[in-house]
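Welcome! Please keep the structure in view as you read.

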Amino acid sequence: MPRTPVDIKPAKPPKSIARWVAGVVGVCSGAATIYGLFSNKRIIIPAFIGMIFAMVLLLVVQRAIRAVSAKDAKFYDLVVKIVIGFVVLYFIVLTAALFPFLLKWLTADSEQIQHSSATPSATQSSAEPSLARVTEACQSPAEQCTVFLFDYLNAQLAEDEFQGFQIIQVDRLNKGIRAHLASADLLKGIDFRVARCSATKIKETSVADRTIKAMKAPAIMWGVIQKLPDNKLVSTTFITWIDDQVRQIGGTRNELGVDLTQVLEIKGSVLAMASFIVGNVHMKAGKPEFARKAFLHAKELAVQVDEGDRLDFLTALNHRLQQLDAQNPVASLQPIGGGNP
């Protein structure tokens, strides 16, 4: 019988393994490239190179699959193994380079909590330079009683629209509060003003607390301005005011509509706060009768203060009235305008 030559089995490259390696490297490198675009530009180049290697590996594997002769198959088997080894090594290096960023991202919250609890003074000291700039940029003349309105947080309005809102907002607050205090005959020579402070934006109550202490202002206002899907603007205003201690009045929501120039009535907690501030000024100036009138007016307006802050506001008011009674018990029995009881 004629002997048939034994067919030499061509060496086949590891197709499935190579495809998996190329796929994993390609996906991971693509994800790293996207991360680099938004967070760290230094990662973009090596991640992009990893994507190129993954695509080259896929092309080589595809060509190896199509190889017919044993000679070609053996050549592509060697090439695929080399490329797999290089890609795996590159992937390990890229993973090692990205690991610190991943670890930092995973442990950012816990590190921040530990740092703040271990060294509470570090946060305050790092904020001092910015507070110094704020107090320098936003100063109240000695003859004025000034409440500062800080620029609102804003992520939706264009710059021109936002600046227009800020100008209109401070103007309507200044004129509206002054008109109300004057109509209630509470000013009595006090030059009450609402002024804009653009030196910084306040994002949370802790920052507001430190800011008002540094500025030594009677109150500051801050908040958020948002645009609704129908293009109407809605502002949420917070008040941080200082009495014997720093106090907060929660966010007051105002729908401004589309037309910013529309005149809106000033009402709510801001008027109660302003009456209380004027009462404090009269009290420090030695005018208890004017102070009492302002405090009583603020007490009438307390129903407009948010329910969550109303008790705190009334506690401060009653404390001031008790101080006035202790200074002059008879005055509490007499009409504010004078005369006999």
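## Helices α9 and α10

In this predicted model, α9 and α10 are roughly antiparallel to each other, because angles over 145 degrees count that way and these two helices pack at about 155°. Helix α9 covers residues 288–300, and its axis lies 10 Å from that of α10. Their crossing is left-handed.

Which residues of α9 meet α10? They are Pro288, Ala291, Arg292, Phe295, Leu296, Ala298 and Lys299. On the α10 side, the partners are Phe313, Leu314, Leu317, Asn318, Arg320, Leu321, Leu324 and Asp325. By class, this contact has 10 nonpolar residues, 1 polar and 4 charged.

## Helices α8 and α10

Helix α10 (residues 307–327) also packs with helix α8 (residues 269–284), with axes that come within 12 Å and cross at roughly 25°. Angles under 35 degrees count as roughly parallel, so α8 and α10 are roughly parallel to each other. This crossing, too, is left-handed.

From α8, the residues in the contact are Ala272, Met273, Phe276, Asn280 and Met283. They meet Phe313, Ala316, Leu317, Arg320, Gln323, Leu324 and Gln327 of α10. The contact of α8 with α10 divides into 8 nonpolar, 3 polar and 1 charged.

## Helices α6 and α8

Now follow α8 to another partner, α6. The axes of α6 and α8 are 10 Å apart, and the helices pack at an angle of about 60°. The two are therefore oblique to each other, and their crossing is right-handed.

Ile177, His180 and Leu181 of α6 make this contact with Val270, Leu271, Ala274, Ser275 and Val278 of α8. How many of the residues in the contact of α6 with α8 are charged? There are no charged residues here; the contact divides into 6 nonpolar and 2 polar.

## The second largest pocket

Finally, have a look at the second largest pocket, which holds about 220 Å³ of space. Of the 16 residues that line this pocket, Arg172, Thr252, Asn254, Lys267 and Val270 are the closest to its centre. Val270 is also part of the contact between α6 and α8.

Which elements each supply at least two residues of the lining? They are the helices α6 (159–183) and α8, along with the strands β4 (233–242) and β5 (246–257). By class, the lining has 7 nonpolar, 5 polar and 4 charged residues.

Terms used. Residues numbered from 1 in each chain as written. Predicted model: local features only at pLDDT ≥ 70, side-chain atom pairs only at ≥ 80, totals over all residues. Heavy atoms only, no water. Axes fitted to C-alpha atoms, helices over the stretch in contact; angles between N-to-C directions. Helix = DSSP H or I, 4+ residues; strand = E, 2+ residues; numbered from the N terminus. Parallel < 35°, antiparallel > 145°, perpendicular 65-115°, else oblique. Left-handed = near helix turned anticlockwise from the far one by under 90°. Contact = heavy atoms within 4.5 Å. Nonpolar A, V, L, I, M, F, W, Y, C, P; charged D, E, K, R; others polar. 1 Å grid on protein atoms, 1.4 Å probe; cavity = no way out; pocket = protein on both sides within 12 Å on 5 of 7 lines; lining within 4 Å. Points joined across faces, edges and corners; volume = space filled by probe spheres on them.
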